[in-house]
Amino acid sequence: MERPRILIVGGGFAGLECARRLERKLSPSEAEISLVTPFGYQLYLPLLPHVAAGVLTPQSVAVSLRRSLRRTHIVPGGAIGVDPASKVCVIRKITDEVVAQKYDILVLAPGSVTRTFDIPGLTDYARGMKTLAEAAYVRDHVIAQLDLASATLDQRERESRLQFVVVGGGYAGTETAACLQRLTTAATHRYPRLDARQIKWHLVDIAPKLMPELGDPLGDAALEVLRGRGIEVSLGVSVAEVGAESVKFTDGRVLPCRTLIWTAGVAASPLIGTLDAETVRGRLAVTAEMRVPQFEGVFALGDAAAVPDLAKGDGAVCPPTAQHSARQGRVVADNVIASLRNQPLEPYYHKDLGLVVDLGGKDAVSKPMGVELRGVPAQLVARGYHLMAMRTNVAKFRVGANWLLNASAGDDFVRTGFLARQPARLRDFEYTDAYLTKDQVRAHAQSLLAKG
């Protein structure tokens with residue numbers, strides 16, 4: 001008999017953990033495992049602000065899939081449509097070739113993309129912080145602004161190049177603003193014509209509080225750290241319009257600015273829209289066992305699925321965090337195996353272990369197991385957690401060595417020329433316009449079945 005075909009979409013925390021566990025618990029004769037991912041690495045997303053700030057090299061947070069997986073077939077591309085009725089997944093390879101692949105069991109872990117709104121100029125001029133390429137580009141862009149500001153004699157141009165805006169007061173936005181502000185402040189020692197007081201960082205969020213999940217004491221402590229460094233934090237404010245050289249806020253202020261970093265939340269991968277399935281705020285509605293109830297043999301997890309949070313109850317769903325995604329991956333693997341062996345499936349249950357926010361240097365706020373920490377103790381917890389969460393020992397060593405090197409030798413503030421003179425819009429990095437319509441997906445599926 002032909003082996004059942006397990007197809008995993010997405011090589012992030014959820015997809016990798018699922019594949020690793022399937023390899024460990026299934027014999028090669030029981031199933032064929034394939035993983036669809038455009039890159040050969042799992043991105044350790046929480047440390048992207050460190051990449052943008054030059055504290056870590058990009059390779060440090062790119063955890064090799066081939067080092068972690070031994071017999072999973074890796075398909076280099078992205079899933080752009082799914083037809084559950086035909087059990088076919090349509091894939092665009094990195095060569096742009098579109099192929100259709102059949103499966104018996106599908107695990108959907110495509111993750112999320114940057115959430116945007118209908119704000120004039122946003123998608124054309126905002127920079128994201130969701131992919132490794134975006135983090136590398138943001139670093140180049142910020143250093144380029146310092147280079148150009150130092151070279152110009154035009155005070156208006158210099159002012160616009162030295163104003164930086166980060167939108168989003170969650171973990172990603174707060175850490176990005178904190179780490180990049182440290183970068184630009186340290187860089188002024190290498191730019192004799194620039195004064196650190198000329199560089200202005202702004203963090204804005206429509207919410208009334210900074211990182212409300214941390215609670216008021218730690219949220220206020222983080223706010224105090226940011227403002228103490230000179231970062232202007234505006235709460236209850238968002239962006240009304242973005243231009244090439246200015247940003248307008250909803251409170252009427254207009255800033256001369258050429259850098260807007262957008263970190264105002266995430267949305268489920270557009271792949272979810274290609275399925276005729278029930279959603280909850282854009283995420284696939286699944287059972288506690290992470291099955292998609294409308295379709296046989298389909299599981300969904302991570303940022304793209306609204307997984308019931310049984311630990312909280314009251315109809316809550318798990319937040320889109322790495323902590324939940326990795327653990328969901330292991331439970332889904334067990335449930336896939338149980339379904340193959342006609343055994344009962346287990347619900348996902350995990351109580352959140354806490355939160356860590358690295359503000360750079362000795363500054364951090366953390367809440368492990370409900371214990372509130374700040375300063376050096378919080379920083380030790382934050383970095384210790386990240387090291388433990390890295391999947392391979394090589395990755396742990398690279399990150400630890402990079403932290404040590406940066407702390408002892410500092411930064412050289414070098415631009416690599418990444419995507420120089422090329423478009424750098426959100427969709428250029430996240431390929432949000434690459435997905436098919438439902439009719440196109442069905443056409444590809446029927447074509448494959450006709451050939452078969």
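A salt bridge is taken here as a side-chain nitrogen of Lys or Arg within 4 Å of a carboxyl oxygen of Asp or Glu. The model is predicted: local features need pLDDT of at least 70, side-chain atom pairs count only at pLDDT 80 or more, and totals for chains, interfaces and linings use all residues. Residues are numbered from 1 along each chain as its sequence is written, and side-chain values use heavy atoms, with hydrogens and water left out.

Side chains of opposite charge can pair when their charged atoms come close. Across the whole structure, the search finds 22 salt bridges. One of them joins Arg 330 to Glu 17, with the closest N and O atoms 3.2 Å apart. This pair links distant parts of the chain. Arg 330 sits in helix H9 (residues 322-340) and Glu 17 in helix H1 (residues 13-25), 313 residues apart. Helices (H or I, at least four residues) and strands (E, at least two) are DSSP runs, numbered from the N terminus. Arg 330 is partly exposed at 27% relative accessibility, whereas Glu 17 is buried at 8%. Buried means under 20% relative accessible area, exposed over 50%, and partly exposed in between (1.4 Å probe, protein chains only).

Arg 253 lies in the loop between strand E15 (246-249) and strand E16 (254-256), and Glu 232 in strand E13 (residues 232-235), so the pair ties together parts 21 residues apart in sequence. Both partners are partly exposed: Arg 253 has a relative accessible area of 25%, and Glu 232 reaches 36%. Asp 251 is also placed in the loop between E15 and E16. The side chain of Asp 251 makes a polar contact with that of Arg 253 at 2.9 Å. A polar contact is a pair of N or O atoms within 3.5 Å; within protein, one must be able to donate a hydrogen and the other to accept it, and residues adjacent in sequence count only if both atoms are side-chain atoms. Asp 251 is partly exposed, with a relative accessible area of 41%. Its C-alpha atom is separated by 8.0 Å from that of Ser 238, 13 residues away along the chain.

Helix H13 (residues 438-451) holds both Arg 442 and Asp 439. They are three residues apart, about one turn of the helix. Their side chains meet in a salt bridge of 2.5 Å, N to O. Arg 442 is partly exposed at 33% relative accessibility, while Asp 439 is exposed at 55%. A network of salt bridges links Asp 276, Lys 438, Asp 439 and Arg 442.
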